[in-house]
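This report goes through the spaces inside one protein model and a few points of its backbone. Please keep the sequence and the 3D view at hand while reading.

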Amino acid sequence: MQTPDALSEKFHLGDNLRFEQGNGGLLKAMLRSAGGATAEIYAHGAHVTSWATPSTGELLYLSPSAVFAPGKSIRGGIPLVFPQFGPGALPSHGFARSSVWSFDSARKDGANVIVSLTLESSAETRKLWDHEFRATYTVTLGASLSASLRVENSGVTAFSFQSALHTYFRVGDIGQVAVRGLQGGLYLDNLTGRQVGIESTQPLAVKSEIDRVYLRSPQKLEITDEKLHRSIRIETSGFPDAVVWNPWSEKEKGFSDLPAGGHREFICVESALFGAPVRLPSGESHTSMMTAIAVRS
Ligand code: TA6
């Protein structure tokens, strides 16, 4: 069991990386880059719960009603979805986001702070998903925030998986937000039983519940936030699909870990590997990465 003191001693990066017991007594890392950007990552789910820069402030939405407890997923931040996206044979969005990861490495590289966490298959994961794997999640904080997920098949039989970074981007008001880069994209609409649609609007504005999986979406998207006068540019590799989700006011009521009106304060623009699950032979690995950069507009 990793402890804040042992980790601070092991990685000794001073104020650039500290550890403490956070919400629910769960272990968390606090990163600070040379440029003053900050981020927080919980061992629970390798969950990034905060990312802020001096010029923009907090960029992730974390529900004030979020539950920080073993076996639960944290509402907000960047839930790490693996090995399944959405409902299916496993618990929805897989078990990675409710598993305890290990802080594995940490270093400074110029102005960046880079922290990696690992999750390895165990008797517990094999009960749900009978494959041997090693997942490494690397978060790089500097002028931008990067998160990369490397999945290695450490077993002798091939397996297939899906994954996603289910990011809750904080917004001033969902009614004053636009998403650029999806125009012309083919999407599956989860509100109509995954009927196929073509995105006809540019930019995409969200005026009601939305739950769309854009297949083979462009790898560069931008969220503009009129109220907070900022934009967030998202670039991905190895996440061929994108998901846009907001529960709106009615569906929000079904989430005990979302406050009334919480939907106004976030938009999920998710980097996903959904439509074409990766088939990984024994000994092979696959890496997906998302980089987000925030600018004042
Ligand atoms: O990514 C969109 C979605 O799959 C929605 O359908 C909704 O279920 C959302 O994720 C939240 O899922 P969660 O399991 O985190 O409550």
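## Terms and model

The model is predicted: local features need pLDDT of at least 70, side-chain atom pairs count only at pLDDT 80 or more, and totals for chains, interfaces and linings use all residues. Residues are numbered from 1 along each chain as its sequence is written, and side-chain values use heavy atoms, with hydrogens and water left out.

## The cavity

Cavities and pockets are found on a 1 Å grid over the protein atoms alone. A cavity is a set of points where a 1.4 Å probe fits but cannot get out; a pocket is an open set with protein on both sides within 12 Å along at least five of seven lines; lining residues have an atom within 4 Å of a point. Grid points are joined across faces, edges and corners, and a volume is the space filled by probe spheres set on the points.

One cavity of 30 Å³ or more is counted. The largest cavity holds about 50 Å³ of space. It is lined by 13 residues, and P218, L221, T236, A242 and S271 are the closest to its centre. Helices (H or I, at least four residues) and strands (E, at least two) are DSSP runs, numbered from the N terminus. At least two lining residues come from each of β18 (220–225), β19 (230–237), β20 (241–246) and β21 (266–280). The most, three residues, come from β21.

## The ligand and the largest pocket

The ligand takes up the space of the largest pocket; a molecule sits in a pocket if more than half of its atoms lie within 2 Å of the grid points. This pocket has a volume of about 440 Å³. Of its 23 lining residues, S92, H93, H166, D211 and W245 are the closest to the centre. The lining comprises nine nonpolar, seven polar and seven charged residues.

Around the ligand are R75, F85, H93, R97, H166, D211, V243, W245, F255 and E270, where being near means having a heavy atom within 4 Å. This shell has four nonpolar, two polar and four charged residues. Polar contacts are pairs of N or O atoms within 3.5 Å. Oxygen atoms of the ligand lie 2.8 Å from a polar side-chain atom of R97, 3.0 Å from one of H166 and 3.1 Å from an N or O atom in the side chain of H93. The ligand alone exposes 390 Å², of which the protein buries 81%; these areas come from the Shrake-Rupley method with a 1.4 Å probe.

## The second largest pocket

The second largest pocket has a volume of about 360 Å³. Its lining has 18 residues, with G71, F95, S98, S99 and L128 the closest to the centre. Helix α2 (residues 123–128) gives the largest share of this lining, three residues. By class, the lining has six nonpolar, nine polar and three charged residues.

## Backbone points

H12 is a residue other than glycine with a positive phi, near 20 degrees. H12 is found in the loop between α1 (4–11) and β1 (17–21).

Key
A polar contact is a pair of N or O atoms within 3.5 Å; within protein, one must be able to donate a hydrogen and the other to accept it, and residues adjacent in sequence count only if both atoms are side-chain atoms. Ala, Val, Leu, Ile, Met, Phe, Trp, Tyr, Cys and Pro count as nonpolar, Asp, Glu, Lys and Arg as charged, and the others, Gly among them, as polar.
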